Amino acid sequence: MKQITTHLLLLITCALTATSCYRPLEESFFESARLIVEVDWSRSGLNPDSDPEGNLYSSSIWIIARDDQQLHGKSYMIVPFQNPRGGEIELPVGRYSLVVHNNYCDPDQHVSDFSSHVAFALDGENPCETLGYYARSYTGGISRFANPQGLRPILPPDALSCWYQEEFEVTPGMVATSIRIDQGLVDAGQRHVIRATPVQTLYTCHVVAHVKNISCASACRAFLSGIGSMIAPVTNRTSGPAAGCPFMMNSRKFDAGSSTDGTIEATFFTFGPLTAEAQPVTLQLDFTLTGEYDGSLLYPTPPQTPLSFDVTQQYNSPDGRQITLVIDCVDLPRLIGKDMFDVVVDDWGDEQKTVIDM
């Protein structure tokens, strides 16, 4: 009897061991596949090896479930990678849409690697089509600028590059391979790899104005209105509500052979032309002079509003992902006598891509 009991225990032990080491393939439906995500930034305009502006702290993948599947109780999941070049994810059998982008932003947890200038948001009922990259509101003063439509002032967005795959399927075979790799039965090199190649999603807006008597100004504030405030990485559509973006024209260069006339420039990211419901795009310029003109340091002199230019055609005709706005000639008053300053006194500094509070 004792010998029979011993044999039974041995048989049970062997059966349990075999079950744990060699699970049937159908059981993999209840497991997850471990997948490698490799991110190639060569087409994005971003470089993980040289990132002085902090546009590539990390990377993230949005996993959006299809066929009413749930991921931890939601229809989507965000996985951050500390390494911008990617990392590892685990997914159960199912079909998914994938979005990879620079940095990390979780709208539910209010956590972000981006600056305060941008935010991700989406509609939980249809996240694949409604995933959007939004600009945050600008809270400084814009009272000098004409804004008859009451457009919301926004900050220019941070750099964004995205990759999208409409459908990716995790199969039972992927899960079974992952199980066997974990058990040391097959080489880890057989793990499935998702290769993402993000491209620049936003537009680069370069604004240039040629100014006569620019030596008489120390600063120029600008306001670009009638532009979009969100872009959808999946559909690549720019939408509203229409907004306005204040920024500084703080890069100055004198014309060859001139000590009075020259150009001012600024470069920043924007969401690009509105895909639908386009409206006039206006650029306003407000100058601070080096001395008083008509009793004021501002030009145009209050109560006049800043100079206004229609740039609709230029803004809505990008060259790829590049928008260039050119203002041919702006005339500033020439300051004479005690108000005339030496042109080398005011150094406008290097070009910046961020808004300076006004």
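**Figure 1. Overview of the predicted protein chain.** The protein chain exposes about 17900 Å², of which carbon and sulfur atoms supply 51%, the accessible areas coming from the Shrake-Rupley method with a 1.4 Å probe and, for residues, with only the protein chains shown counting as cover. This is a predicted model, in which local features need pLDDT of at least 70 and side-chain atom pairs count only at pLDDT 80 or more, while totals for chains, interfaces and linings use all residues. Residues are numbered from 1 along each chain as its sequence is written, and side-chain values use heavy atoms, with hydrogens and water left out. Of the 358 residues of the protein chain, 47% count as buried (under 20% relative accessible area, with exposed meaning over 50% and partly exposed in between, for a 1.4 Å probe and protein chains only). The secondary structure comes to four helices and 24 strands, which are DSSP runs numbered from the N terminus (helices: H or I, at least four residues; strands: E, at least two). Among contacts (heavy atoms within 4.5 Å) between residues at least 6 apart in sequence, 75% join residues at least 24 apart.

**Figure 2. Confidence along the chain.** The protein chain averages a pLDDT of 83, and 80% of the residues score at least 70, pLDDT being the predictor's confidence in each residue, from 0 to 100. Over residues 2-29 the pLDDT is below 50, and this stretch has 16 contacts in the model beyond near neighbours in sequence. Residues 338-347 also have a pLDDT below 50, with 16 contacts in the model beyond near neighbours in sequence. Where pLDDT is low, the predicted coordinates should not be read in detail.

**Figure 3. The open sheet with strand order 4-1-12.** Three strands form this open sheet, in the order 4-1-12 and with mixed pairing, where two strands pair if DSSP finds at least two bridges between them. Strand 4 (86-92) and strand 12 are the edge strands, each pairing on one side only. Neighbouring strands of this sheet are turned by 30° against each other on average, direction ignored; the axes are lines fitted to C-alpha atoms, for helices over the stretch in contact, and angles run from 0 to 180 degrees between N-to-C directions. Strand 1 is joined to strand 4 by seven bridges in the antiparallel sense, whereas strand 1 (residues 32-39) and strand 12 pair in the parallel sense over four bridges. Val 37 has Gly 87 as its bridge partner in strand 4 and stands opposite Ile 194 in strand 12.

Figure 4. The buried residues of helix 3 are Met 174, Val 175, Ala 176, Ser 178, Ile 179 and Ile 181, and what covers them includes strand 1 and strand 11 (161-170). Just after helix 3, Gly 184 takes a positive phi of about 75°. Arg 191 lies in the loop between helix 3 (172-182) and strand 12 (193-196), and counts as buried because its relative accessibility is 11%. Leaving aside neighbours within four places in sequence, Arg 191 is in contact with Arg 34, Leu 35, Ile 36, Glu 88, Ser 178, Ile 181 and Asp 182.

**Figure 5. Surroundings of Tyr 96.** Tyr 96 has its place in strand 5 (residues 94-102) and, at 0% relative accessibility, counts as buried. Not counting residues up to four places away in sequence, Tyr 96 touches residues including Ile 63, Arg 66, Leu 91, Glu 166 and Phe 168. Tyr 96 and Tyr 76 are 20 residues apart in sequence and 9.0 Å apart in space, C-alpha to C-alpha.

**Figure 6. Nonpolar cores and Phe 287.** The largest nonpolar core has 82 residues, and those with the most contacts inside it are Ile 63, Ile 89, Leu 224, Met 249, Leu 285 and Phe 287; such a core is a set of buried Ala, Val, Leu, Ile, Met, Phe, Trp, Tyr and Cys residues joined through side-chain atoms within 4.5 Å. Apart from this core lies another, of five residues, among them Tyr 138, Ile 142, Phe 145 and Leu 155. Phe 287 touches, among others beyond four places away in sequence, Val 211, Ile 264, Leu 297, Tyr 299 and Val 330.
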